[in-house]
Amino acid sequence: MPDDYDSPWKEAIERYFPDFMHFYFPAAYARIDWQQPYLFLDQELRAVVHDGELGKRFVDKLVRVACLSGQAEWVYIHIEVQGDPQDEFAERMFVYHYRLYDRYRQPIASLAVLADERANWRPEVFRYESCGCELALRFPVAKLLDWSGEQSRLGDSSNPFAVVTLAHLATRETKDDARARHAAKWQLVQGLYRRGFERQQVVDLFRVIDWMMRLPKDLQTQLRQDLNTLEEESKMVYITSIEQLAIEEGMQKGMQRGMQQGMQQGMQQGMQQGLQQGLQQGRLEGKLQLLERQLTRRFGELPNWVRERLAQSEENILDSWTDAVLTASSLDQVFASHPH
């Protein structure tokens with residue numbers, strides 16, 4: 001299974017945006033009025049950059065913030081997390097910059113996180129000159145490779161993006177060695193409990209680590225067992241199971257029930273039908289378990305009406321609600337897309 005960088009970065013930035021700015025772009029962080037609300041504008045960004053898939057990006061975000069200077073009502077921060085070196089990257093930053101300015105007529109701050117593996121690739125400016133006319137865009141960059149060899153300092157940091165950076169570097173370094181990755185992942189997970197994070201931060205950052213640092217099933221199972229032991233010993237039951245295994249476990253249980261039903265029918269056709277039914281039922285149960293955990297972590301103990309809705313819903317509706325959990329601010333918002 002290929003490593004997944006896109007989803008972890010997207011969720012981490014959305015959930016811990018001030019920490020992201022403070023860790024990678026402290027000068028910009030110091031100029032933002034964090035007492036004022038900030039707003040992610042993903043749909044607006046897609047409308048502006050609809051034609052531009054240049055190079056492998058992990059994620060791009062547009063965020064509206066208020067600045068302390070008060071010179072402008074809003075400032076729009078455009079963030080690119082770039083996964084691979086790309087010759088036209090600086091040009092793309094310029095193109096998106098002027099498109100966003102043309103749309104909003106407000107200051108645009110273009111920021112780039114370079115998550116590639118080439119140490120000497122560091123695009124920071126786009127410029128051209130013609131017939132005495134000169135134009136240039138210089139933008140701040142944060143190079144993740146600059147943190148290589150700084151694992152101890154990252155380990156001491158309380159910023160969630162120190163963990164994200166460690167996980168990213170470890171994923172790169174262990175891409176061809178599953179056992180080394182298992183060891184690195186386990187070390188990171190243990191560190192979540194030592195740093196003094198709140199429970200929700202531990203859960204959120206575990207999801208980022210687990211998404212990013214994928215393991216073969218046997219090592220993932222071993223990690224899960226070790227995690228259960230750690231929580232029992234530390235008396236901090238923050239993560240009771242690994243979410244990626246929830247659907248698999250539900251499928252396995254459903255398959256077993258389906259095969260038993262088929263065997264009871266005493267016919268090969270019955271076994272096949274039972275197996276298919278078990279697969280479908282198991283997949284549904286796995287998704288239901290996953291969604292219940294996500295809802296509980298976001299909103300606390302679930303009321304009876306929520307559990308009844310979940311139990312009566314079809315698979316495609318569960319998928320829709322699972323997507324809504326990431327952005328909804330209440331249970332009512334989660335279920336708004338399928339209210340009945």
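This is a predicted model: local features need pLDDT of at least 70, side-chain atom pairs count only at pLDDT 80 or more; totals for chains, interfaces and linings use all residues.

Residues are numbered from 1 along each chain as its sequence is written, and side-chain values use heavy atoms, leaving out hydrogens and water.

**Nonpolar cores**
- The largest nonpolar core has 54 residues; a core here is a set of buried Ala, Val, Leu, Ile, Met, Phe, Trp, Tyr and Cys residues joined through side-chain atoms within 4.5 Å, and buried means under 20% relative accessible area, with exposed over 50% and partly exposed in between (1.4 Å probe, protein chains only).
- Among the residues with the most contacts inside that core are Trp 9, Phe 20 and Phe 161.
- A second, separate core of 22 residues includes Val 48 and Met 93.

**Salt bridges**
- You'll find 13 salt bridges in the structure, each one a side-chain nitrogen of Lys or Arg within 4 Å of a carboxyl oxygen of Asp or Glu.
- Glu 11 and Arg 207 pair up at 3.1 Å, N to O, and both are buried.
- Arg 105 bridges to Asp 102, with the closest N and O atoms 3.1 Å apart; Arg 105 itself is exposed, at 53% relative accessible area.
- Asp 146 meets Arg 122 at 3.0 Å, N to O; Asp 146 is partly exposed at 44%, and Arg 122 is partly exposed at 34%.
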